[in-house]
Amino acid sequence: MRMHLTAAAAGFLLLAGIGAAAADTVVIQPEQETVIKEYVKKQPLASVKLPGVELNIGTALPDTVELHEVPNVKYRYTVIDNRTVVVDPETRKVIKIIQ
């Protein structure tokens, strides 16, 4: 009986962890992504290099990277290694990489 409870508790914690990780995922609506892409085309930025930083979804950008506003969108953007990067300004985490 005790073994069953321990396995059940471990399974619950595993599922709770997966749910928490999924809750951290930011989804940009297609309309917002279109607005961002169009704005970025009209407001090109010089690309910056970030040696030693692996650019992935969830990567937190250092404070030295300047984030730029997109009107009527809560997210910010910058260009790193010639890729447009959409960032949550509160956490500075990359939420989308637009090729």
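The chain forms an open sheet of 4 strands in the order 1-2-3-4, with antiparallel pairing, where two strands pair if DSSP finds at least two bridges between them. At its edges stand strand 1 (68-69) and strand 4 (93-98), each of which pairs on one side only. This is a predicted model, in which local features need pLDDT of at least 70 and side-chain atom pairs count only at pLDDT 80 or more, while totals for chains, interfaces and linings use all residues. Residues are numbered from 1 along each chain as its sequence is written, and side-chain values use heavy atoms, with hydrogens and water left out.

Read along the sequence, the protein chain follows the pattern α-α-β-β-β-β, which comes to 2 helices and 4 strands; helices (H or I, at least four residues) and strands (E, at least two) are DSSP runs, numbered from the N terminus. Helix 2, residues 30-42, packs on the sheet and touches strand 1, strand 2, strand 3 and strand 4, contact meaning heavy atoms within 4.5 Å. The direction of helix 2 makes about 75 degrees with that of strand 4; axes are lines fitted to C-alpha atoms, for helices over the stretch in contact, and angles run from 0 to 180 degrees between N-to-C directions.

Within the sheet, strand 2 (residues 76-80) and strand 3 (residues 83-88) pair in the antiparallel sense over 5 bridges. T78 lies in strand 2 and stands opposite V85 in strand 3. With a relative accessibility of 5%, T78 counts as buried, a word that here means under 20% relative accessible area, with exposed over 50% and partly exposed in between (1.4 Å probe, protein chains only). Leaving aside neighbours within four places in sequence, T78 is in contact with residues including L45, L61, V65 and R83. A polar atom of the T78 side chain also lies 3.3 Å from the backbone oxygen of E66.

Side chains of opposite charge can pair when their charged atoms come close. A search of the whole structure finds 4 salt bridges, each a side-chain nitrogen of Lys or Arg within 4 Å of a carboxyl oxygen of Asp or Glu. One of them joins E33 and K37, whose closest N and O atoms are 3.4 Å apart; because these residues are 4 apart in helix 2, about one helical turn separates them. E33 is buried at 18% relative accessibility, whereas K37 is partly exposed at 38%, and E33, K37 and K96 are linked in a network of salt bridges.

Other salt bridges join loops. K49 forms one with D81, the closest N and O atoms being 3.7 Å apart; K49 lies in the loop between helix 2 and strand 1 and D81 in the loop between strand 2 and strand 3, so the pair ties together parts that are 32 residues apart in sequence. K49 is exposed at 66% relative accessibility, and D81 is partly exposed at 34%. The side chains of D63 and R92 also meet in a salt bridge (3.5 Å, N to O), and this pair links the loop between helix 2 and strand 1, where D63 lies, to the loop between strand 3 and strand 4, where R92 lies, 29 residues apart. Here D63 is exposed, with a relative accessible area of 68%, while R92 is buried at 16% relative accessibility.

For the protein chain as a whole, buried residues make up 27% of the 99 residues.

Terms used
Polar contact = N/O pair within 3.5 Å; in protein donor to acceptor, adjacent residues only side chain to side chain.
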